[in-house]
Amino acid sequence: MISRFVSTTRRVVALLFFTLLISVPRLHAQQASRFDAFGGFSYLRFNALTIGYPNDTNMYGWNVDGTGYIKWGVGATVDASGNYGSQLSSYHFMVGPQYRWRRPTSNIFIHGLFGKAQNNASIPQPTRSGFESVGRSFGGGFGYDREWKDRISIRVFQVDIFHSTTFGKGQNDARVSAGLVYHFGHIGHRRKL
Amino acid sequence: MNWKANHHTSIGKTRELIFGKAVSLLIPLLLLGLTACAPGTHLAYVSLPTVNGVVAYRVRNVSSGLTEIVGSPYLTGNSPGPVLVSPSAKYVYVGNRVDNTISQFKISGENGSLSEVFPRIATGFDPAAMVMNSTGSMLFVVNEISSSISVYSVNSSSGALSPVSGTPVSTTPNPVTLAVTPSGNFLYVVNANLSAVFGYSVSSSGSLQAVPGSPFPADLGAFALTIDPNGKFVYVANTTANTVSILSIAANGALTAVAGSPFATGTTPVGVAVSKGGQYLYIANEGSNNITEFSIDPNTGFATSITGSPISAGTAPLFLLSDPDGNYLYAISQSSKTITSYIIPPTTGELASTGQSTTTINTVAGMAVSQ
């Protein structure tokens, strides 16, 4: 039953995405995108010292975000990521304002992020498989997108620093992401440098 | 039309290229900085009987600062008391004083967290103290209410305990603690009511036999004991007499008081610890809230008070523990629920506060440190 629901959901999402892809008009040179969708790989330097690990830990995973712009440079972003180590995993679900500077063939952006972090430690116990904690998280970062093809840019990097409170401890994590950005819609009639 | 701009200048292109190159250089440098290693650490485990758990700490070698490990406290049986870490640093054993069992935990090599290995092993009534020989092949437990010593052989690969045939062995009524020599050949037990130390020789199979001449006199209220790392002396804190007895160990395990023994301490000495090399002796005085410091003559065992002794130790220090590198001494207070660390200077032995004090969530009953 659950697998059928998941399968149906996947098909609907794929159909919606395809419809969106073919329905949006191409951006003109004098225009900026209305929405950006990013997906890619991410690296997290997890501040594991605060929860008793001998060193901070390297974790790898995914990062997606969606950004809508109300003006040339001003918008809001929704960001989610999941990173995994051998015993730890960490998820961030964040929202915040974003500002971009458009350049001839690239974008530079900065954003602030606020939301939740969920950290898990896989330490088998008699009654449970491990420990998890959800807490507040905030931070910010910046990134650089370079155009690649029509409507598609390469996110060369995105760097974010988060302060999260989980397991009763405050910790500072650094995340670096890279991947592809797809641009939807358009704003305005001429480019800003 | 295409989203690619068709009117940007060569200057703009050059700027873009320079920016891109700078970014590609910046990222590896950033990652390199983030992956720098932290200094060395070791682990400490503390039993909390009121929460039926053991708290694991990561201890910084450079500062003795304690960081609680995620998941702590790990559940034990009822009323955990004594804790010890195997010499291999792979397992932690906890005596559950109400359940009359021992919990065995596997230490995670990644972060020092604990996962219990079942089943729990039965002991006598009220396992009050535990000790393991230096090779980690034998575990000894004193059972306070059943007045016995349980001996277990330890599986070298799994850490599993198996009771040694012929044990538990009856001992002095209401024994409170025990210690084993580094060679593993002799075991000593004290009972607070009898002002004496009971000695046992330990065979290779783990069977116990009373040492000739045992019990050996200490002083009033013999309550805590430890053995120096060279296996030459037994130190006994006498809570009623406010003294420490120093007894030299003969080749057959018999004990003889060294010249000058017993030596005066503070009020109600209840904890005793010796430095890694055996040069210094420290006594926790619960009544006078301080730690008495002695230097020990390695040949005669004569104790000389160290300049600056005693050092203040907060409220009612109950027991003491030296870290595996011999750099720090930990004093545990049950009433203030604190673990306070002191630097042990290798040349003088005069304790100095590190300024590090960790408050536990509840009263501590036992503590052990690993390599």
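Modeller: The largest nonpolar core has 117 residues. Those with the most contacts inside the core are Tyr45(B), Val92(B), Val197(B), Val234(B) and Val236(B).

Colleague: What makes a set of residues a nonpolar core?

Modeller: The members are buried Ala, Val, Leu, Ile, Met, Phe, Trp, Tyr and Cys residues, joined through C-beta atoms within 7 Å. Buried means that 20 or more other C-beta atoms lie within 10 Å of the residue's own; 12 or fewer is exposed, and in between is partly exposed, with C-beta atoms placed from the backbone.

Colleague: What sort of model is this, and how are residues and chains labelled?

Modeller: It is a predicted model, in which local features need pLDDT of at least 70 and side-chain atom pairs count only at pLDDT 80 or more, while totals for chains, interfaces and linings use all residues. Residues are numbered from 1 along each chain as its sequence is written, and chains are lettered from A and ligands numbered from 1 in the order in which they are written.

Colleague: Which residues is Val197(B) in contact with, leaving aside its neighbours within four places in sequence?

Modeller: Among them are Tyr188(B), Val190(B), Phe216(B), Leu225(B), Val234(B), Val236(B) and Leu255(B). A contact requires that two C-beta atoms, placed from the backbone, lie within 7 Å.

Colleague: Tyr188(B) and Val190(B) belong to strand E15 of chain B. Why is strand E15 (residues 186–191) of chain B called largely enclosed?

Modeller: Six of its six residues are buried, so E15(B) is largely enclosed by the rest of the structure. A strand here is a DSSP run of E with at least two residues, a helix is a run of H or I with at least four, and both are numbered from the N terminus.

Colleague: Which way do the residues of E15(B) point?

Modeller: Phe186(B), Tyr188(B) and Val190(B) point one way, and Leu187(B), Val189(B) and Asn191(B) the other way. In a regular strand the side chains alternate between the two faces of the sheet.

Colleague: What joins E15(B) to strand E16 (residues 196–202) of chain B?

Modeller: Six bridges, again in the antiparallel sense. The bridge partner of Val189(B) in E16(B) is Phe198(B). Four residues separate the strands of this hairpin, and Ser195(B) in the turn has a positive phi of about 50°.

Colleague: Tyr45(B) was also named for its contacts in the core. What does Tyr45(B) stand opposite?

Modeller: Ala368(B) in strand E33 of chain B. Four bridges join strand E1 of chain B to E33(B) (residues 366–369), and the two run antiparallel. E1(B) (residues 41–48) is mostly covered, with six of its eight residues buried. E1(B) also pairs with strand E2 (residues 53–60) of chain B over eight antiparallel bridges, and His42(B) has Val59(B) as its bridge partner there.

Colleague: Turning to chain A, what makes up its secondary structure?

Modeller: Chain A has one helix and eight strands, in the pattern α-β-β-β-β-β-β-β-β along the sequence. A closed barrel of eight strands runs E1-E2-E3-E4-E5-E6-E7-E8, with antiparallel pairing. Neighbouring strands of this sheet are turned by 25° against each other on average, direction ignored. For such angles, axes are lines fitted to C-alpha atoms, for helices over the stretch in contact, and angles run from 0 to 180 degrees between N-to-C directions.

Colleague: Why does Lys71(A) count as exposed?

Modeller: Lys71(A) has 10 C-beta neighbours inside 10 Å, and the limit for exposed is 12 or fewer, so the label applies. Lys71(A) lies in the loop between strand E2 (57–69) and strand E3 (74–84) of chain A. Buried residues make up 36% of the 193 residues in chain A.

Definitions and conventions:
Two strands pair if DSSP finds at least two bridges between them.
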